[in-house]
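Please look over the model shown here.

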Amino acid sequence: MTAPITIIIPTLNAVATIGPTLATAYVGVGQGLVHQVIFADGGSTDDIAQVAKETGATMITSAKGRGTQMAMGSQVASTPWMLFLHADTVLDANWPDAVRNHINADHGVGYFRLAFDDTGFAAKLIARWANLRSQLFGLPYGDQGLLVSRLDYAQAGGFDDIPLMEDVGLVRRLPRARALAATATTSFDRYRRDGWMRRGTRNLTTLALYYLGINPEKLAKRYS
């Protein structure tokens, strides 16, 4: 019986961060849950192709942009379930059990609880807010991972070809997402670099403007 999940990772010069992500992804391969790992690359200039070759991952290329890259990856996937995972996100060691239980219980769309690779107050506060937002509104972000069946993904129209908020756009069209009993730990570097209050405020403002219908192209310029 073929393993039910394909993991799709959008990459762009991700060699420096993808190692721990891959390590936990291949735990699922070893447990017979993951059939294939796909790198959906947006034009890297590092050695990501060599990493794919050495680890047995499938690598495809597309135009730059997470939404575009993940949409291309989904076209290559052949399994009934897909797990979209950022290249700097590391899953709990028990994640295959959590995902298998979720699928067997027919709970539909799933996401991981968020944590950061930082033990400070700001990181814990932001993670707590993200998990509360996800629980209350069914609105996880891409760095929490997204587990979705091929059927639900197709009915929702897949990822939009937009430079920002591609994760929110898709989640809004999917059936309500539910938290998985495992954690996704992601990098806190953006908050360290920009200042956690400034970055957090920018994220909330960008989300609000997106809901008000502001063009994602304009939002991307503002965000960067």
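Where is the place of N13? N13 sits in the loop between strand 1 and helix 1. The model is a predicted one.

## Two residues with positive phi

N13 is not a glycine, yet its phi is positive, near 50°. How exposed is N13? Its relative accessible area is 40%. Buried means under 20% and exposed means over 50%, so N13 counts as partly exposed.

D106 is another non-glycine residue with a positive phi, here about 55°. D106 lies in the loop between helix 4 (95-104) and strand 6 (110-116). Its relative accessibility is 62%. The cut-off for exposed is over 50%, so D106 counts as exposed.

## Helix 1 against helix 2

Helix 1 covers residues 15-30, and helix 2 covers residues 48-55. The two pack at an angle of about 20°. Their axes are 11 Å apart. Angles under 35 degrees count as roughly parallel, so helix 1 and helix 2 are roughly parallel to each other. Their crossing is right-handed.

Which residues make the contact? Helix 1 contributes V15, I18, L22 and Y26. Helix 2 contributes I48, V51 and T55. By class, six of the residues in this contact are nonpolar and one is polar. No charged residues take part.

## Helix 3 and its cover

Helix 3 spans residues 66-76. Which of its residues are buried? They are G67, T68, Q69, M70, A71, G73 and S74.

## The chain as a whole

The protein chain has ten helices and eight strands. It has 224 residues, and 52% of them count as buried. Its accessible surface comes to about 10,600 Å². Carbon and sulfur atoms account for 55% of that surface.

How many of the contacts join residues at least 24 apart in sequence? Among contacts between residues at least 6 apart in sequence, the share is 73%.

How values were computed: Residues are numbered from 1 along each chain as its sequence is written. This is a predicted model: local features need pLDDT of at least 70, side-chain atom pairs count only at pLDDT 80 or more; totals for chains, interfaces and linings use all residues. Side-chain values use heavy atoms; hydrogens and water are left out. Axes are lines fitted to C-alpha atoms, for helices over the stretch in contact, and angles run from 0 to 180 degrees between N-to-C directions. Helices (H or I, at least four residues) and strands (E, at least two) are DSSP runs, numbered from the N terminus. Angles under 35 degrees count as roughly parallel, over 145 as roughly antiparallel, 65 to 115 as roughly perpendicular and the rest as oblique. A crossing is left-handed if the near helix is turned anticlockwise from the far one by less than a right angle, and right-handed if clockwise. Contact means heavy atoms within 4.5 Å. Ala, Val, Leu, Ile, Met, Phe, Trp, Tyr, Cys and Pro count as nonpolar, Asp, Glu, Lys and Arg as charged, and the others, Gly among them, as polar. Buried means under 20% relative accessible area, exposed over 50%, partly exposed in between (1.4 Å probe, protein chains only). Accessible areas come from the Shrake-Rupley method with a 1.4 Å probe; for residues, only the protein chains shown count as cover.
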